[in-house]
Amino acid sequence: MPSARGCVQVAVPVIIIVLCMLHSSAAQYQNPCRTPDQKGGICVTVAQCPLVRRLLNQPLLTANIVRFLEASRCGIVDKRVLVCCEAPENIVPATTNAPPVQTQPPPSGPTGNRFSYEEQLRLLPAECGIQYTDRIIGGERAQIDEYPWAALIQHRRRNGELKFHCGGAIINERYVLTAAHCIANINRAWTLTAVRLGEWDLESVEDCSTSHGELICAEPVQDIPIEKVLVHPGYTVSKTSVKNDIAQIRLARLVQFNDYVQPICLPIEPAERTMSYDGKRFVVAGWGQTEEALQSRYKLFVGVAGVPEQQCRQQYPEANIDQTQVCAGGTANKDSCRGDSGGPLMYVGQRNSEGVLYLGGLVSFGRQCGLQGVPGVYTRVNQYIEWIVQNLEP
């Protein structure tokens, strides 16, 4: 079997763009303020400001965007950045200085294959692929609230030892997608037990990060037992090839969404399901562990570019690479080894006129790590939308 992806140490320049702390007296939550273009606004969280969210989700931040974001900041409350927003969302009469709690009702709708694809789509979240972060980083360690859909798949050994063997991606309040080989090819000494959500630093009980003197602490991780697993019926593996390497995990209880736990968007729109990935810029995120490799302490990420199918076939002549797979990477010392097996391959797209992150692929296999000209191979998620959606249950 081609090797599952592991973690290697690479040196990647880090570029940090921070919404800097203003030295002037800051407005308080829901107080009137002036936007950078001198319009009347309200001081709210980043999550409540559509314009700021759209700017933060741009694949490239220009100098003008950075200056606008820096000038937008109007304070901080409960360790959360506030920005001056001309047309904020979810504003309610404030009874305290704390931002309102954002909740999402449980998905509703039909179950199983007895219902149409259109009816099943109602089980996917209305909002997805949005990071509620006010810090943008390009480099190898993700910020504490970046890629909040990244999940860890936990296994237990017969002696009680617990280990995170693979990664995955949250798609709604009950489901996580991962690679089939993370389920079907794990050593029999290990039993699939739970999924961890909202993790950043594996060696700390409470995840906290400091940026420019500002302490940001995440909410507690969510370790959720697994109710059942569905491996794609066409999944096959040999010494040279892996096909239909995708599985769905149904969690035993609802996920509690917050700034550190969010679903990623599935490419369900026609344009997303037919686009070419050749040369497309992707990001892979995870902790770097697989069945065979050591793990990273922190959530990591790296940028990779899509590789044409024919070029990928030349590197894997016996793997029979086809349209159900996507190849990406191939730059020396900068590869998908930065993500777990089963972890998300992501790209920026547009949904409801807003920049969001889509799930383009799941880490499947590759040859070593970080070799010049040798890309990693991913399961192409947009080829499995019907299978994913039709098997969702409330």
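**Figure 1. Overall content of the predicted model.** The protein contains seven helices and 22 strands, and the coordinates shown are those of a predicted model. It comprises 394 residues, of which 55% count as buried. Among contacts with a separation of 6 or more, 73% are between residues 24 or more positions apart.

**Figure 2. The closed barrel of six strands.** The strands follow one another in the order E17-E18-E19-E22-E21-E20, and their pairing is antiparallel. On average, neighbouring strands of this sheet are turned by 45° against each other, direction ignored. One of the pairs is formed by strand E20, residues 344-351, and strand E21, residues 354-365, which run antiparallel and are joined over eight bridges. Within this pair, Val-348 stands opposite Leu-357 of E21. In a regular strand, side chains alternate between the two faces of the sheet.

**Figure 3. The hairpin of strands E2 and E3.** Strand E2 spans residues 32-34 and strand E3 spans residues 40-45; the two pair in the antiparallel sense over three bridges. Cys-33 is placed opposite Gly-41 in E3. Five residues lie between the strands of this hairpin, and Gln-38 adopts a positive phi near 65°.

**Figure 4. Surroundings of Thr-324.** Thr-324 is located in the loop that connects helix H6 (309-315) with strand E19 (325-328). Its relative accessibility is 14%, so Thr-324 counts as buried, the limit being under 20%. The side chain of Thr-324 makes a polar contact of 2.5 Å with the side chain of Asp-322. Apart from neighbours within four places in sequence, Thr-324 is in contact with Tyr-378, Thr-379, Arg-380, Gln-383 and Tyr-384.

**Figure 5. The salt bridge between Lys-243 and Asp-322.** Asp-322, the polar partner of Thr-324, also meets Lys-243 in a salt bridge, with an N to O distance of 3.2 Å. Because Lys-243 belongs to strand E15 (residues 242-243) and Asp-322 to the loop between H6 and E19, the pair ties together parts that are 79 residues apart in sequence. Lys-243 is buried, with a relative accessible area of 12%. Asp-322 is likewise buried, at 17%.

**Figure 6. The salt bridge between Asp-201 and Arg-297.** The closest N and O atoms of Asp-201 and Arg-297 are 2.7 Å apart in this salt bridge. The pair links distant parts of the chain, 96 residues apart: Asp-201 lies in the loop between strand E10 (190-197) and strand E11 (208-211), whereas Arg-297 lies in the loop between strand E17 (281-286) and strand E18 (300-307). Asp-201 counts as buried at 4% relative accessibility, while Arg-297 is partly exposed, with a relative accessible area of 34%.

**Figure 7. The salt bridge between Arg-157 and Glu-161.** The count of salt bridges in the model comes to 15. In the one formed by Arg-157 and Glu-161, the closest N and O atoms are 3.0 Å apart. Arg-157 counts as partly exposed at 31% relative accessibility, and Glu-161 is partly exposed as well, with a relative accessible area of 37%.

Notes:
Residues are numbered from 1 along each chain as its sequence is written. This is a predicted model: local features need pLDDT of at least 70, side-chain atom pairs count only at pLDDT 80 or more; totals for chains, interfaces and linings use all residues. Side-chain values use heavy atoms; hydrogens and water are left out. Two strands pair if DSSP finds at least two bridges between them. Helices (H or I, at least four residues) and strands (E, at least two) are DSSP runs, numbered from the N terminus. Axes are lines fitted to C-alpha atoms, for helices over the stretch in contact, and angles run from 0 to 180 degrees between N-to-C directions. Buried means under 20% relative accessible area, exposed over 50%, partly exposed in between (1.4 Å probe, protein chains only). Contact means heavy atoms within 4.5 Å. A polar contact is a pair of N or O atoms within 3.5 Å; within protein, one must be able to donate a hydrogen and the other to accept it, and residues adjacent in sequence count only if both atoms are side-chain atoms. A salt bridge is a side-chain nitrogen of Lys or Arg within 4 Å of a carboxyl oxygen of Asp or Glu.
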